Amino acid sequence: MILLWLIVIPLLGGLAAWLLDRKKSEATRWISLAALSVDAILLILFWPAAPSPFATSHGAWLIELNTSWIPQLGISLHLAVDGLSLTLIALTLFLGIVSVLCSWTEIRERVGFFHLNLLWILSGILGVFMALDLFLFYFFWELMLVPMYFLINIWGHENRVYASYKFFIFTQAGGLLMLLSIIGLYFIHGRETGVYTFDYALLLGTALSSKAAFWIMLGFLIAFIVKLPVVPFHPWLPDAHTEAPTAGSVVLAGLLLKTGAYGLLRFVLPLFPAAAASIGPVMLVLAVIGIIYGAVLAFAQTDLKRLVAYTSVSHMGFVLLGVFAMTAPSLSGAVMQMVAHGISTGALFIIVGMLQERMHTRNMDRMGGLWSSAPRLAGAGLVFALASLGLPGFGNFVAEFLVLVGSFPAHRIITAAAATGLVLAAIYSLWIVQRAFHGAAKGGTTLRDLTARETGMMAILIIAILWLGLYPHSVIKTTEPALKSISSFLSPQVEAGSGGGK
Amino acid sequence: MNDLLFLMPALPFAGFVILALTGRRLSKMTVALVGTGSVGISALLAVGAAIEFIVRPPQNHAFPQTLWSWIQVSGYSQTVSFMLDPLSLVMVLVVTVVGFLIHLYSTEFMLEDEGYSRFFAYMNLFVGSMLTLVLADNLLLLYLGWEGVGLCSYLLIGFWYRDPVNGRAARKAFVVTRTGDTAMALGLFLLFTNFGTFNIQALMEAASKQWPAGSGTAAFAAALLLGGALGKSAQLPLQVWLPDAMAGPTPVSALIHAATMVTAGVYLIARTHVLFELAPMVQSAVAIIGAATLLVAGFSAIAQRDIKRVLAYSTISQIGYMFLALGVGAWSAAMFHFMTHAFFKALLFLGAGVVILAQHEEHDMFKMGGLRKKLPAVFWTFLIGAASLSALPLVTAGFYSKDLILWKTWSSASGGSLLWAAGLLGAFITSIYTFRMVFVTFFGESKMELSHRPGARMLVPLAILAFLSIAGGFVETPGTIGNITLFSNFLRPVFNEQTAEGAGTELLLQVTASIVSLAGIFAAYYFFLRKPQTAGNLVQRAPIAAIQRFWFMGFGFDWLYERLFINPFLWIARINKNDFIDSGYTGIAALNRGLHAVLSKTQTGNIRWYAMGIALGAVLFLGIVLLL
């Protein structure tokens, strides 16, 4: 039941926040914070109770809830978590709390409705990370989409309407293809076994002709790589990230992109191992293109927020590379990248938000020299720029390193090309530092440095990213059994590809 | 004492954390105490460890220490662990002792700077990272230190961040070295793929067992590691960042861009020398690159006017000597020159710092002059450093280390007379540019009033480094002069080198090198002190002026790279700023809008149009039906 509570508490918290808004808007922030904190406490209370070391054989989960919902159609309320879901749920709650905190002074209109949307997105994301019924999964997939549309459309910046449409159309088109694939899989499985079900565990072993498997896989794949996003499906991202309010950008970059990667790991690889392997080379090439293309585009931007948005395209290339290299280190690296990027890019968006709140601009031409007037803000900016360029000591380094070391044995040229991303990341990250924080102060205005709330927020994020870099073991250990069970479906490919470590 | 190994890097790191978090609220006195004290205690620990190491050598001449488990993936586990062996001990001693002296010097040099605590925070972070680099027992932790020192280099080059020029120099340094680092990272992957470990000792043992000498994979791995070394140590073709790195405060140039960080590449190759021995082609490339670099940088140094740029090119050139030594398998000679170079080059930079501070922040030597009388203590110590750099025979440390390299180059199987001749020519150039700098800066007539007189905290480090620049050489003297082999004996457990025979040739070569060194000093004296007009007239002539310009711009590497890499990158970034893939999608949207506009035009409200439309449609439909 704990799983259901994790999802329901933010839903209720959001409703409560919305209703309370008429009386006292300040209370809505506290309600939202309380709802997410209760969730986080539940998770922490559960954590030590989990079997160590999170070992789950295929088919067994750490916690599972499975009750029938619409038995006529074979739809059940099937929620379960393994180490992978657990890690991403922890990330969701962490960034959820951070995004409530970072909206504290930024959002002043329709505060209650804002928090309703924010918490409902988080519920949807939590659901996505838990759902083991494809129908339910699709439901949560849509649940996170609609409130996000409102978040961008109502509280966004200048070009918010265009950005929200674009976001909606791209992800909805992907989602539609996934729906077709889900239905296709449902009927094929039903026709062959006589059991019509949306249950993940039952669908896992479905015998598919290689042609059918390929097309059905493609539907899932496109939905997920639009979300990730992979070049050339990325154009929604810079607009959505740039125009969204800070909390929206944090949730988009930190969590929503990860649902795409999670989908690849949870569904595409185990359900269609052969088809996924056959399209693997294409994905690897797209990953490298994404890494380089995103980095070059990031460098070209003058809008700081847009720059950070494009870096996500580059960083997610490493996730795609890790997933489709399909070796144990590369899969661990992909997950590490999901977590580390969530924190580092989330933090960068918060920093951009704080700059915009103070300077009313995101244009780097009008920034510069912030180091003298706001050293704490600039210091935090420097730290996360360095994390973003993959400096050892930060979580992002461990992630990119594991991905590269895992993909190197079987794909040397691809890995070498991807490694140029490390140089390009240095170029754009240091460019941010130069344009925003160094140089001479423009306009002679002094900037307010971080408040106590902001300092605390940044301190927590910095500790988290350093923790991931110096003791990544905590994440790797938690997710490893889950990744092992995922790659057990791919065993022939993994055996062939894991030259490292022998 | 050895059990406290982890404290050596931990103390400077702690200093960094304290200064970074609370530095702005601390008094300058406290900042100086924390910043200098942490490095000072590390230096004491290092000296203690060295004494213990010599008195009671640990098993296998290596003391390992494991701290915690870092990364664990599917059966492979990487720990954060250190190893102290003779090689790392030499590095640790130089880094902490020279580092401490430079910190002490900086407490006065940076006194008027508003970023006092930020400066010491970065410097402490640097020392901690550098110690991590040299103490790491595995390549992954070494890489962490490697990137860490690169970061500190970036932060300190751009320390005076208000001027965008400094920021540009800092970014250039970081990006150029990172290009090399990326090659190095691929080298790590290659080694890991083959042997399943990053542990340096295990890697070297496995490599020498499994790879035959001349193996292609070994050559590939060595070449990739070499890429990292070239970037960090500013060797051809990645040397372009170091002259610009002089934008940082002078103590930074002394510590990072002369004594320690830039020699990390030398350390890396020495550390993995087994691998390079398996790849003779790559090792020869190291020697050739070293020889070419020492000449290119030496010639460039002659043409500079900025005193710090002279020293920067000189550093590139001297590291070229170290690479030459590595390339001919003279591992301990390379480390010996690393040590003496750390002493005399730090000394020269610190001396130059005093001069710059005393001359209203002027860097151009030709606007200075006559400082011999005004800053006598600085003059004498600077002169000692210059003599050591020029390898003044018999009395200076630089003579013994450079002589050893030249002799090994001559006598080694992989060396030869051509490489030796390059080294000899380099020695001649070195004497010229060094004493040109001395004569122009300290002799002649005074052109400026003093703006600052150095205090004890600046002069004491100068004196100690001057002492080391002379005495440091007597730990290793050639067979012809004393035959002391303390240094190479100490390093023997690591390198296991053979000593070359042939005392007669050795003496002859020594005399040649000594004459060349003195001749260079005389040439400098003749052209820059005795008859400066001659040099002036010479430079007036067109071809010589062109050569001088070419040397001045460092053989045009920056010019070339700007056209080859920077401009194309900027061009691509600029033309694709709005993401041409996006225009594909907006194209779809525009097409839909266009079609919508065309179709909505047909909705005219005119009944005749509608009737005609129906009629034409009917005819078309009937036609299709009839024809098919």
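Q: How are α8(A) and α11(A) set relative to each other, roughly parallel or roughly perpendicular?
A: They're roughly perpendicular to each other, a label used for angles of 65 to 115 degrees (under 35 is roughly parallel, over 145 roughly antiparallel, and the rest oblique). The axes of α8 (residues 210–227) and α11 of chain A come within 9 Å and cross at roughly 70°. Those axes are lines fitted to C-alpha atoms, for helices over the stretch in contact, with angles running from 0 to 180 degrees between N-to-C directions. Helices here are DSSP runs of H or I with at least four residues, strands are runs of E with at least two, and both are numbered from the N terminus.

Q: Before I go on, what kind of model is it, and how is the numbering done?
A: It's a predicted model, where local features need pLDDT of at least 70, side-chain atom pairs count only at pLDDT 80 or more, and totals for chains, interfaces and linings use all residues. Residues are numbered from 1 along each chain as its sequence is written, while chains are lettered from A and ligands numbered from 1 in the order in which they are written.

Q: What about scores for the model?
A: ipTM is 0.86 and pTM is 0.90. Chain B has a mean pLDDT of 88, with 99% of its residues at 70 or more; pLDDT is the predictor's confidence in each residue, from 0 to 100.

Q: Back to the helices. Which residues of α8(A) and α11(A) meet?
A: S210(A), A213(A), F214(A) and M217(A) come from α8(A), and A274(A), A275(A) and A276(A) from α11(A). Contact means C-beta atoms, placed from the backbone, within 7 Å. By class that's 6 nonpolar, 1 polar and no charged residues. Nonpolar covers Ala, Val, Leu, Ile, Met, Phe, Trp, Tyr, Cys and Pro, charged covers Asp, Glu, Lys and Arg, and the others, Gly among them, are polar.

Q: Which residues does V268(A) touch, leaving aside neighbours within four places in sequence?
A: M217(A), F220(A), L221(A), F224(A), G263(A) and A276(A). V268(A) is also listed among the residues with the most contacts inside the largest nonpolar core, along with L320(A), A334(B) and A346(B). That core has 423 residues; a nonpolar core is a set of buried Ala, Val, Leu, Ile, Met, Phe, Trp, Tyr and Cys residues joined through C-beta atoms within 7 Å. Buried means 20 or more other C-beta atoms within 10 Å of a residue's own, exposed means 12 or fewer, and partly exposed is in between, with C-beta atoms placed from the backbone.

Q: Which helix gives the most to this core?
A: α15 (residues 331–358) of chain B, with 21 residues.

Q: And where does α11(A) meet chain B?
A: At α25(B), residues 557–575: the axes come within 8 Å and cross at roughly 85°. V296(A), F299(A) and A300(A) make the contact with I572(B), A573(B) and R574(B). There, 5 residues are nonpolar, none polar and 1 charged.

Q: How many residues does each chain put into the contact overall?
A: Chain B puts in 38 and chain A 43. On the chain B side, α6(B) gives the most, with 13 residues.

Q: New topic: is L122(A) buried or exposed?
A: Buried, with 32 other C-beta atoms within 10 Å. L122(A) sits in α4 (residues 111–130) of chain A.

Terms used:
Two residues are in contact if their C-beta atoms, placed from the backbone, lie within 7 Å.
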